[in-house]
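These are my notebook entries from a first pass through a structure that was new to me. I wrote down what I looked up, entry by entry, in the order in which I looked.

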Amino acid sequence: MDSAEGGIPPSGLPLPDSFLGFLEENGVDPSVYSANCSIPRYIRLKPGCEPQLSEIEDELNCKLVNLVWLPGFFAIPPHVQIARSDAYRKGKIYGMDAASGAAIIALNVLQGDHVLDLCAAPGAKLCMISDLLGNSGMITGVDVARQRLAACRTMLQKYALGERCRLFVADGTSFSLLPVSSHLDAKSYSEIPDIFSEWSSKRRWKDRKDAKRSMRAGLASPNELPELIFYGRHAGVIGLCKSELFQARSESEISVSGYDKVLVDAECTHDGSIKHIHKFEQWGWDTLQRRVLNAQRTDNLMDLQVTFEASDQWIQIIKSWWLIGLQHLQASTGCLTVAQNEDVVERFLSGNPSADLQDVDAAKSWPCRMGSIPKTLRFDPSTSQTSGLFIAKFTKRATQ
Ligand SMILES: C[S@@+](CC[C@H](N)C(=O)[O-])C[C@H]1O[C@@H](n2cnc3c(N)ncnc32)[C@H](O)[C@@H]1O
């Protein structure tokens with residue numbers, strides 16, 4: 001383990017000077033890093049599993065403390081591991097931070113909505129949206145990283161939530177496919193080439209070859225056609241031919257058949273996650289320097305440039321919403337810096353005069369505060385007892 005060369009914030013956790021400097025430059029109070037030990041782990045109960053609560057408590061050997069401000073969420077002690085439990089393996093509980101759950105409630109998903117999740121993997125929020133939609137509406141998940149999106153597909157299947165979902169490996173900055181609906185009988189299309197029949201993990205030879213080629217790339221590029229890696233029976237895909245699914249749409253079509261809600265859970269430095277930052281105690285502070293503070297850092301998984309470039313990605317992704325979303329967009333990041341949050345919001349609003357920020361009504365009872373721009377929300381770990389999160393909800397003003 002490397003020793004930190006820097007100051008000691010109230011947590012007693014030594015943080016390197018470089019990180020303290022980064023926090024100061026970005027207007028983040030280092031005392032937020034003092035909350036780690038007391039921040040609980042959160043789980044969400046799969047709707048319908050409420051009667052099994054005490055059975056799950058027995059298995060995890062701890063009390064599930066109901067979060068009064070967030071229905072369906074429970075706090076458990078931070079040391080409790082859920083991954084090997086039966087309840088987790090059988091899809092009765094999800095590990096999900098309460099602030100992330102709040103971000104989905106803020107989206108205000110309504111029955112029948114067509115929702116687009118532009119940074120979907122690994123998929124905790126997408127699963128929650130699917131649970132909220134139930135047997136109505138549709139959800140389209142997009143992510144630039146193929147392997148992460150494949151993990152999201154596995155998660156959807158584990159929790160039996162894929163029926164109304166499509167997953168595309170694509171760059172969210174250029175994704176422009178609209179929701180589709182077909183009400184066709186899967187069976188009658190199973191023998192017809194080039195028409196989507198029921199999704200199967202068994203691929204035709206040509207599709208396998210194409211997939212192999214894309215696997216090598218790992219990340220989608222903005223100029224590539226989106227790659228459909230999963231669709232459920234009621235996701236509107238069955239019975240369509242490829243050209244229909246990937247068809248470009250006119251502006252007038254978009255204005256009536258765009259997505260009702262769009263979520264952008266943008267890539268960022270993850271400095272809002274106290275647990276994440278504390279891991280660098282073991283990994284070494286020089287790793288933090290390389291992976292969080294260095295603007296040129298590349299994620300070992302995705303080779304994706306983040307830090308300040310992340311803000312540019314985010315703003316490009318919000319612009320996609322402007323093209324294909326109907327009215328509501330909600331953006332969130334798991335970082336606390338002004339550069340990656342309020343500054344991006346300001347840049348977007350100044351370039352799009354008919355965009356407005358919207359109040360999140362449910363937030364009145366949440367343990368969060370307003371960001372430096374009115375109507376934006378910040379979950380500070382030390383006061384909310386959650387991972388750090390920033391939320392901004394935009395709406396398009398109707399044109400006269
Ligand atoms: C914070 S994670 C999303 C977490 C996810 N919403 C969940 O609840 O599990 C950010 C995701 O954005 C994806 N991403 C980054 N840049 C992207 C882009 N240009 N287009 C689409 N996805 C992108 C990353 O691959 C990563 O999976």
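This is a predicted model: local features need pLDDT of at least 70, side-chain atom pairs count only at pLDDT 80 or more; totals for chains, interfaces and linings use all residues.

Entry 1, domains. I began with the domain bounds, which come from an automatic or database domain assignment. For this protein the assignment gives domain 1 as 37–95 and domain 2 as 120–171 + 179–248. I then looked at the contact between the two, counting residues as in contact if their C-beta atoms, placed from the backbone, lie within 7 Å, and found that it takes five residues from domain 1 and seven residues from domain 2. On the side of domain 1 that touches domain 2, I noted two nonpolar, one polar and two charged residues, where Ala, Val, Leu, Ile, Met, Phe, Trp, Tyr, Cys and Pro count as nonpolar, Asp, Glu, Lys and Arg as charged, and the others, Gly among them, as polar.

Residues are numbered from 1 along each chain as its sequence is written.

I listed 15 helices and 14 strands in the protein, taking helices (H or I, at least four residues) and strands (E, at least two) as DSSP runs numbered from the N terminus. Of the 400 residues, 42% count as buried; a residue is buried if 20 or more other C-beta atoms lie within 10 Å of its own, exposed if 12 or fewer, and partly exposed in between, with C-beta atoms placed from the backbone.

Which residues come nearest to the ligand? Of the 23 residues around the ligand, I noted C119, K125, G172, D265 and E267 as the nearest, a residue being near if its C-beta atom, placed from the backbone, lies within 6 Å. By class, this shell has 12 nonpolar, five polar and six charged residues, and α5 (124–133), β6 (138–143) and α13 (308–324) each supply at least two of its residues.

I followed four strands that form an open antiparallel sheet in the order β2-β3-β1-β4, where two strands pair if DSSP finds at least two bridges between them. Its edge strands, β2 (65–66) and β4 (93–95), each pair on one side only. Between β1 (residues 41–45) and β3 (residues 73–76) I found four bridges, and the partner of R41 in β3 is I76.

In α1 (residues 17–25) the buried residues are F19, F22 and L23. Seen down the axis, they fall within an arc of 100 degrees, so they line one face of the helix; the arc is that of the directions from the helix axis to the C-beta atoms. On the other side of α1, D17, E24 and E25 are exposed.

Most residues other than glycine have a negative phi, and most peptide bonds are trans. I therefore checked N108, which is not a glycine and yet has a positive phi of about 55 degrees, and which counts as partly exposed because it has 17 C-beta neighbours inside 10 Å. A cis peptide bond joins A121 and P122, with omega about 5 degrees, and P122 is found in the loop between β5 (114–117) and α5.
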